[in-house]
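Here's a quick tour for anyone meeting this structure for the first time. Have a look at it below, then read on.

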Amino acid sequence: MKRDEIPPGTLYLLILKTLALSGELHGFEIADSIQRASEEVLQVEEGSLYPALQRMLVKGWVTAEWGVTAGNRRARYYKLTAAGRKQLTLEMSQFQRVIGAISRVIQTA
Amino acid sequence: MDTPMELLRRIGMLMRRRRFDSEMEEELGLHLELREQEGREAGMGPGAARMAAYRRFGNPTAIKERSYRSWGWDWLESFFADVVYGMRSMMRSRALTAVALLSLGLGIGANTAIFSFLDALMLRALPVKAPSELVLLGVGQNIGITDSIASTDLYSYPFYRELQKRNRVFSETAAAFSMMNAVYGRVDGRRDAEAMNVQLVSGTYFPMLGVQAGMGRMLSDDDDRTEGDHPVAVVSDAWWTRALALDPGVLGKGVKLGDTMFTIVGVAPREFFGTKVGQAPDMWVPMSMVAKVPPHWGSYGGNFDEALYVMGRLKPGVTPAQAEADVNVLYRPIITGFGDANMNREKRAELDKAHINLTPLANGLSDLRGQYSQPLKMLMTLVGVVLLIACANIANLLLARSNARVREFAVRQALGARRSRLVRQLLTESMLLALVGGGLGIVFAMGADRVLLRMVSGGPETLPLDVSINLRLLGFTLVVTMVTAVLFGTLPALRATKLELTEALKDGRGTQQGPSKSLPARVLVVSQVVLSLVLLVGAGLFVRSLVNLTNVDTGFNTENVLLLKVDPSSAGYKDDDPVRLRGLYGEIEDRLNGLHGVSAASFSLFTFHEGSWNTGVQIAGSELGRGLNVKHNIIGAGYFKAMGIPLIAGRGFGPQDTATSQKVAVISERLAHTLFPDGNAIGHHYHIAGLTSPWEMEVIGIAKDVMFENLDEAPEVLDYISYAQRRQYLNDIEVRYTGDFKTMSAEVQQAIHSVDRELPITRVMSLDQQVALSVTQQRMVAQLSAFFGMLAVFLSCIGIYGLMSYMVSRRTNEIGIRMALGAARGDVRWLVMREIAWMVGVGVAIGVPMTLAGGRMVRTMLFGLKGTDMASLAGSVVVLLFVGLVAGYLPARKASRVEPMTALRYE
């Protein structure tokens, strides 16, 4: 099955949304749940996921804490902060504006 | 842009750098394992699952690095890498590094040291409240006491009070005695008198400056309203430390000055040293006590006892120009309003001409400033040039090294390093070099400061000048260091990274090493030669100027004279009891004359370079001498013999000249010619003005002209008065002796103490030393410029040597071929030496005009020389040629020893 790359600039949005829906997740779960939520269309390039998470840590949108997985393994769990939630709304509206604009362009053509 | 929280998070991450790595590793590892597990669950073999997981994930190390880079610290990391790499490459070429660091250290150290003096003397603000609001009336160049009708530098106490009352421009005014009283006082309960410097100030002095007591209280106007009834003193922190060993019971302690016991009421804050840079009073006493402080100069109530500096704090919004206008408007009415002004036409004219300039007091006053500001600025330029030469040197060494590193850079560029990255690395190395050099420089400067301070002080006591390392100084050094790094680092860095790759990878030895490649290096060496020439000629000028000064005929015989000072005023002698005072002088002179090996001994008011007391003289009924300012010396009968001043005509003083007999004077040749142009002056009379009642003097002798204040002065008009006829505290004793100075000094002091053991003795030295002291500034300039000149030449030598050795090693191949084709060793040597001669020649050709221009700028600092001195110039050129050739000889010899076969096999 062919999967599409995530459009540039939307990775943060996807991570933020995923965390908003699921609460605490570790990196692997984030990648998987994006893939699942997109019904296997979107595949997170895993190489970009971790640098993006670190960037979000710098920005203070998420916090990270070590916890234990169901399989009894140590894993770093990411959680949205208040700033992250604000960022999510911001990115959502931005995204919708852009998508709306793009679809208008496409439809007129 | 980072928010503060972000920055905090980023810094926090930096602190946990190691944990970050291991956590990243664990996190990525987990991801891979989970993915692998997923594969196996989907039915892949263990190997295949692992491969698939990796393929999907990518390179974990790269991801880790990119994650790290998210935190924005990668520049720091590469900077550290550069630093470490730079240190390694510095350690690899130790000789080069050592030379570079030494030149830098010396260069930066010299700059820091000279700057610290410039800073202390001219730039630093007084440690008082809002120093920029403070102004001084006058220019602060005069010290002493005068009775002039139109004194614009020194003022009387009543004038200060009048100005305080009537001005509209100052929020506060204060006055300070222009002289510091060097007193021998006694701390209550101690037997021995100790030297202490007492500064008389108005009660408003500390309130105006806004200086708060470190302990107790400072003086206030209440201490200074009525004369004589406030024997209180504020002592300096330094004195409290030195004389009282920080005794906590300092307040309330007594200090006896003259006959009066002063009570210590406060200790000044540590940083406060008064308002005169280079002078540090031990205690401050209110002006109301002026009459009680030995040697009892000046007065509290005399309208024309003008000995004070007057200063004020500008009211908010008042400009210095407005203040100056207001002060000048008040000046004449205040003066003419004094009951004893006795205005006449001459005085009126003098007063009308007078104008008071206001001087900013932000940096304090200084007697040193006038003398040293020009030399210091000149020296600052010199050390700047030395640093430039050092920079050229290092640039050259780095150029040579970067040529040796050509392959390294070629490989790195071939592997994809960007040029900017390499330039950055090279500049980091330069910066590193400069920083270490700067650190060394500060260490050198701390040592040099102490030496310089001793040179500036000249005499046995060091000046209280704070030249220790401070923040401003460190800032200066840091800036200088950075500038040097850029200066010497840029050119080599740019050149090193500009490569034709393929040529360089072939290790580019041999043919393409044409002159264009070494042109920058040559230009650097030539400019070193130019700058060295300028410094050398400068040094030559100053040294020759000093020699001229020391060869000046002083008119007196400076050899075998012992000088010392006693202080009768501190030992309880009163100048209103002249009989006792003269008795003391006479008895000491007799005792000294009786010593074995003493041929003459005498008291006097001055010897040489001790200031002067001058007034006008006049001949009754004649215009001769009108407006002539004559310097007076008051002496004992043995003075001429002790100083070795020949009498040309007439006689010296004798027992027949007493307090009641006709006033007599010995005058200098020049004064005799001026006052009595018709011939013999002996027996004629003249008047000394300015004394309480004009004195009519009869000339009894003519003495040879002598230098009086400085060696570079025109011969002065002088007269000598006997202490038998004028009551005066005399402090100087001069003894002409034969034999050993040390023994004689001990015997003389013992003899004086056998007359009065309470009499304090200070400043024991020889007349030679005293004369040498008068040219302290010129000697310092000569020594320092000579030192810097030699340093410059030395650095240039290293430059020439380095360049030539490098060129010889690069041309080994060519030299081998030449020799194989039959060139003699001498020819090869000449090949190298010719190069050096050429560079030095070009340097000299460019340097000579610059030198001539520079000489004109320092003309005012020279004595007996014009700005262009052919001897200095020729000497410097010879020195430069000589050392240049010496520096080049070693490489030349090495070149001539090249074995043709080895050279040809080389590469």
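Let's start with confidence: chain B has a mean pLDDT of 88, with 96% of its residues at 70 or more. Keep in mind that what you're looking at is a predicted model.

- For the complex, the predictor reports an ipTM of 0.89 along with a pTM of 0.80.
- One stretch to treat with care is residues 508–515 of chain B, where pLDDT stays under 50. Over that stretch, the model has 7 contacts beyond four places in sequence.

**Where the chains touch**
- On one side of the meeting point are 19 residues of chain B, in contact with 15 residues of chain A.
- Four helices of chain B each supply at least two residues to the side that touches chain A: H1 (4–15), H2 (17–41), H3 (46–57) and H4 (60–69).
- Sort the side of chain B that touches chain A by class and you get 8 charged, 7 nonpolar and 4 polar residues.

**A sheet in chain A**
- Chain A has an open sheet of 3 strands, running in the order E2-E5-E4 with antiparallel pairing.
- Strands E2 (25–26) and E4 (62–68) of chain A sit at the edges, each pairing on one side only.
- E2(A) is joined to E5(A), residues 74–80, by 2 bridges in the antiparallel sense.
- Zoom in and you'll find His26(A) standing opposite Tyr77(A), which belongs to E5(A).

Technical notes:
Residues are numbered from 1 along each chain as its sequence is written. Chains are lettered from A and ligands numbered from 1 in the order in which they are written. This is a predicted model: local features need pLDDT of at least 70, side-chain atom pairs count only at pLDDT 80 or more; totals for chains, interfaces and linings use all residues. Two residues are in contact if their C-beta atoms, placed from the backbone, lie within 7 Å. Ala, Val, Leu, Ile, Met, Phe, Trp, Tyr, Cys and Pro count as nonpolar, Asp, Glu, Lys and Arg as charged, and the others, Gly among them, as polar. Two strands pair if DSSP finds at least two bridges between them. pLDDT is the predictor's confidence in each residue, from 0 to 100.
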